[in-house]
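These exercises go through one protein model step by step. Try each task with the structure in view before reading its solution.

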Amino acid sequence: MGEDAGRWVRVPVGAEAGRWATRGRCRTVLLVVHNVTSATRLLDVLPLFRDDLRVQVLATCTGSSPFQAGVAELLEATGVPVLPWEQALATPVDLAISASYGGQLDHIQGKLVVLSHGVGYNKKLPTPDAGRRTPDAGCLRPRP
């Protein structure tokens, strides 16, 4: 929390956020971003909440991906308030949506949904030997 606490977002969340509220109790949805690929998948669901005045959408980036280039710019372009990761972990939310399993998702204070962000990302392979890194790993046909 240390030095990051100075960069925490004060509105629409935070200890004094109620002072600035112009509408009653909103549900809070947190988009948990890992990299641009996962962010683009989360932007696919943003329209579901964007125009609903009963929902406050927030975003955060876990910082767990080595591919951080472009994430801050993409989130800024959405107009959604972006919380530092530590603040997001300290902020209770009604729903958190992620498109990756990276980061400390188990520390989020709220229900979590993880969406697939690409073909095969969350697939289950039919054979137990899928850990082999050979061209036929996961193949259903018998080996000669």
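Strand 2 gives three residues to the lining of the second largest pocket, the most of any element. The model behind all these exercises is a predicted one.

**Exercise 1. Describe the second largest pocket: its volume, its lining and the classes of its residues.**

Step 1. The volume of the second largest pocket is about 160 Å³.

Step 2. Its lining consists of 12 residues, and those closest to the centre are Arg50, Val55, Gln56, Val57 and Val80.

Step 3. Two elements give two or more residues to this lining: helix 2 (47-50) and strand 2.

Step 4. Sorted by class, the lining has seven nonpolar, two polar and three charged residues.

**Exercise 2. Work out the strand order of the sheet and find its edge strands.**

Step 1. The sheet is open and has five strands in the order 3-2-1-4-5, with parallel pairing.

Step 2. Strand 3 (82-83) and strand 5 (111-114) are the edge strands, since each pairs on one side only.

Step 3. Strand 1 and strand 2 (residues 55-61) run parallel and are joined by seven bridges.

**Exercise 3. Find the cavities of 30 Å³ or more, and state what lines the largest.**

Step 1. Searching the whole structure gives one cavity that reaches this volume. The space in the largest cavity is about 30 Å³.

Step 2. Its lining is made up of Leu31, Val33, Ala39, Leu43, Leu74 and Leu75.

Step 3. Strand 1, helix 1 and helix 3 (71-78) each give two or more residues to this lining.

Step 4. By class, the lining residues are six nonpolar, no polar and no charged.

**Exercise 4. Count the salt bridges and say where the partners lie.**

Step 1. The cut-off is a side-chain nitrogen of Lys or Arg within 4 Å of a carboxyl oxygen of Asp or Glu. Under this rule there are three salt bridges.

Step 2. In one of them, Asp94 pairs with Arg27, and their closest N and O atoms are 3.4 Å apart. Asp94 sits in the loop between helix 4 (85-90) and strand 4 (95-98), while Arg27 belongs to strand 1 (residues 27-33), so this pair ties together parts that are 67 residues apart in sequence. Asp94 is partly exposed at 25% relative accessibility, and Arg27 is exposed at 52%.

Step 3. Another salt bridge links Arg41 and Asp44, at 3.6 Å from N to O. Both residues are in helix 1 (residues 36-45), and because they are three residues apart, about one helical turn separates them. Arg41 is partly exposed at 29% relative accessibility, whereas Asp44 is exposed at 53%.

Step 4. Arg54 and Asp52 also form a salt bridge, with 2.7 Å between the closest N and O atoms. Arg54 has a relative accessible area of 60% and is exposed.

**Exercise 5. How many disulfides does the structure hold, and is Cys26 buried or exposed?**

Step 1. A disulfide requires two cysteine sulfur atoms within 2.5 Å. The number of disulfides in the structure is zero.

Step 2. Buried means under 20% relative accessible area. Cys26, at 15% relative accessibility, is therefore buried.

Step 3. Cys61, at 18% relative accessibility, counts as buried too.

How values were computed. Residues are numbered from 1 along each chain as its sequence is written. This is a predicted model: local features need pLDDT of at least 70, side-chain atom pairs count only at pLDDT 80 or more; totals for chains, interfaces and linings use all residues. Side-chain values use heavy atoms; hydrogens and water are left out. Helices (H or I, at least four residues) and strands (E, at least two) are DSSP runs, numbered from the N terminus. Buried means under 20% relative accessible area, exposed over 50%, partly exposed in between (1.4 Å probe, protein chains only). On a 1 Å grid over the protein atoms alone, a cavity is a set of points where a 1.4 Å probe fits but cannot get out, and a pocket is an open set with protein on both sides within 12 Å along at least five of seven lines; lining residues have an atom within 4 Å of a point. Grid points are joined across faces, edges and corners, and a volume is the space filled by probe spheres set on the points. Ala, Val, Leu, Ile, Met, Phe, Trp, Tyr, Cys and Pro count as nonpolar, Asp, Glu, Lys and Arg as charged, and the others, Gly among them, as polar. Two strands pair if DSSP finds at least two bridges between them.
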